[in-house]
Amino acid sequence: MVRPLADATDGDVYIYMTDIHRGFPYEWPGDTPEEKLNLYKEKIARQVDQVLQLPAKYQKNIVFVPFNEPEGNMFGTGEWSYDKVSWLNDPHDYFAAWNEVCRLIRGKMPKARIAGPSTSVLHDQVRGFLTHTLTAGTLPDVITWHELSHPEAVRQSVAKYRAWEKELFKGTDHEGTELPININEYAFNYHTSVPGQMIQWVAAIEESKVDADIAYWNIDGNLSDSAVQSNRGNGQWWLLHSYASMSGHTVKVTPPFPGENYTLQGVASLDKDKRQARLLFGGSTGDGHITFDNIPKKVFGDRVHAWVREIEWSGQIGDSSGPKLLTETNLKVGDDGKAVVDFGDGALPKLKESSAYEIVLSPAGKAKGTQSPPVRRQGSYEAEDAAHTGAGYSKNGPEGSPRDVSKFCTSGGYDVGGLRTGSDVALDFTVDVPEDGTYDLSVFANSLNTFDKVKEQGPTNVFLRVDGTAESERELYLPLGYKWVVWDHTDTKIHLTRGKHTLTLAAKSLDGKRATQGDAIVDRLTLSLPEPPAATQVYEGELAWLGGGAQPVYDLPQHAGTPATGSGAARLSHGATATFWVYSPADREATLRVDMLGAGNALLSVNGTSSTGPGPGPAWRSPSRAASTRSRSPEVHPPRSSTASPSHPLRAP
């Protein structure tokens, strides 16, 4: 696991050494405290020996975490603890064990980096830990603790710790230095997967200038609630991808309520070399007034090109197609150096609390074409608001909320049950659409994969009808989840005429010959009308991940061939690369088109493999953009403090 992560980012890999034990609290074997510690030291020695088998270039990426939440585990009061005495009350044994373990690790691996104390919160007793390790010569290389309650705690705890450090380091060899901090577990079930929640954590972490790792609460292999299946990501993954796309340096963000939980928060960056500025924000519902101030006209000129995108919540295990374009336009930079983007003014929709938003600015450039938003109309309809008939109906909740972050986020706070084996429940959703068209319908639902009525036959089948007609009836299979209230979506298309309609989800077909098998709960429906010209996804060269000296260019010569779109293009010299992350809703063939400006050759590959197979790839002229109708495959790119996984790059070296 170390090699692909280190090769992708050269970032750190934290080894929770205590996880070699079963259970949580950890089942620490041994009949006496001394035997317990000696057995654990043997396991630590073996783990260090394993790291020493890695090539030296990977060893530097390793950080050892000898104890995890010691106050609730090995040095707490529980059955499996050292002596059933909490170190928070009497730290003697914990401090002695910390010293022994640190000296063991550094004795085997002198350049090893060690992190601690990895407490569940920043207890006041961590100040005593810092005092002890400073005196004993066992100071960790990275200070770690967990923040699982709310984002504001990150800012508060970092400020508290830095004050301790400044005080205690005074007059020592460490005076004037700051140890790296890693909040090595953050966020809870209510937050994870939800872009509008997670951007608030990202803002607090970035503002505090610390590293952080999303807590692992649920299942193996889903990258802390970011990956939904092999090679598929949810809204959180795409938020972190947008965060990873930032470059240059951060700039100040002034939200309406600075640092306040569950309000509009954000993080922004300026890259003068690329001549791009990026803003990620979210966490609020309603109108939004975004002002970019002090725009350097020497970098951008008197007009900027703006891409405004929404990163929607797609459910904990619901596939997301990535940031959705809301508008692409040029904005005038005022004499005061300001440019404004308003949400809820008619041109842009109102903000949604569950969504994050991305705005990218570049010089307006000389390109002529712009992309159309992929969705013309969109609506969301809560299951708890639907009319219902039949026996067995239930309204469940409240689910996750700021008051109970251990539960999962649910749209509207409630969901509905009753679509199960033996039921005759029907849910009637009233919708009102502004025009005729073929609409995309998504049912956000969940069936527990281990539940008695579900585990034998898989996804729960239900029956969808439009206005109660037999000819419109179709069977849908609602998705499985690893727990109740873990949302995914089942998608279909329906044709609607302008006006009001009733969409029914039923446990029985109209003719009574077919019935639901399983058990499902429903959160909501979403209905959207796609924009036909947006059926082909366009990925602009100037927004690609550029490497090997590639740079975006905006002052483009005009060509008789394909006109440039967006604000410019990417100029690729010898050895340079442009990587495009593209999406497909299914595993199938893709049509890829690369638009070029000027002469020159390049090779096109998909996930490191030539698009024509293992041999040399086709030659293309330097790209201004890539267009894709479909495509898929995985690549791992962890953005800063967390990990990411799916989607897939087009690489043009």
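Residues are numbered from 1 along each chain as its sequence is written, and side-chain values use heavy atoms, with hydrogens and water left out. Because the model is predicted, local features need pLDDT of at least 70 and side-chain atom pairs count only at pLDDT 80 or more, while totals for chains, interfaces and linings use all residues.

Helices (H or I, at least four residues) and strands (E, at least two) are taken as DSSP runs numbered from the N terminus. An open sheet is formed by 6 strands in the order E1-E2-E3-E4-E5-E6, with parallel pairing, where two strands are said to pair if DSSP finds at least two bridges between them. Strand E1 (13-16) and E6 lie at the edges, each pairing on one side only, and the twist averages 30° from one strand to the next. Within this sheet, E4 and E5 pair in the parallel sense over 5 bridges, and His-146 stands opposite Glu-185 in E5. Helix H4 (residues 92-108) packs on the sheet, where it touches strand E2 (62-65) and strand E3 (113-119), contact meaning heavy atoms within 4.5 Å. The direction of H4 makes about 155° with that of E3; axes are lines fitted to C-alpha atoms, for helices over the stretch in contact, and angles run from 0 to 180 degrees between N-to-C directions.

A nonpolar core is a set of buried Ala, Val, Leu, Ile, Met, Phe, Trp, Tyr and Cys residues joined through side-chain atoms within 4.5 Å, and buried means under 20% relative accessible area (1.4 Å probe, protein chains only). The largest such core has 37 residues, of which Trp-145, Tyr-161, Ile-181, Tyr-186 and Leu-280 touch the most other members. Among the elements that each supply at least two residues of this core are strand E4 (142-147), helix H6 (152-169) and strand E5 (181-186). Leaving aside residues up to four places away in sequence, Tyr-161 touches Leu-122, Leu-130, Ile-143, Trp-145, Leu-179 and Ile-181. A second, separate core of 31 residues includes Ile-62, Phe-75, Trp-87 and Ile-105.

His-191, found in the loop between E5 and H7, is buried, with a relative accessible area of 0%. Its contacts, again not counting residues up to four places away in sequence, include Leu-148, Trp-201, Tyr-262 and Val-405. Helix H8 is also mostly covered, since 9 of its 10 residues are buried, including Trp-237, Trp-238 and His-241.

Note on methods. Buried < 20%, exposed > 50% of the residue type's maximum accessible area, 1.4 Å probe, protein only.
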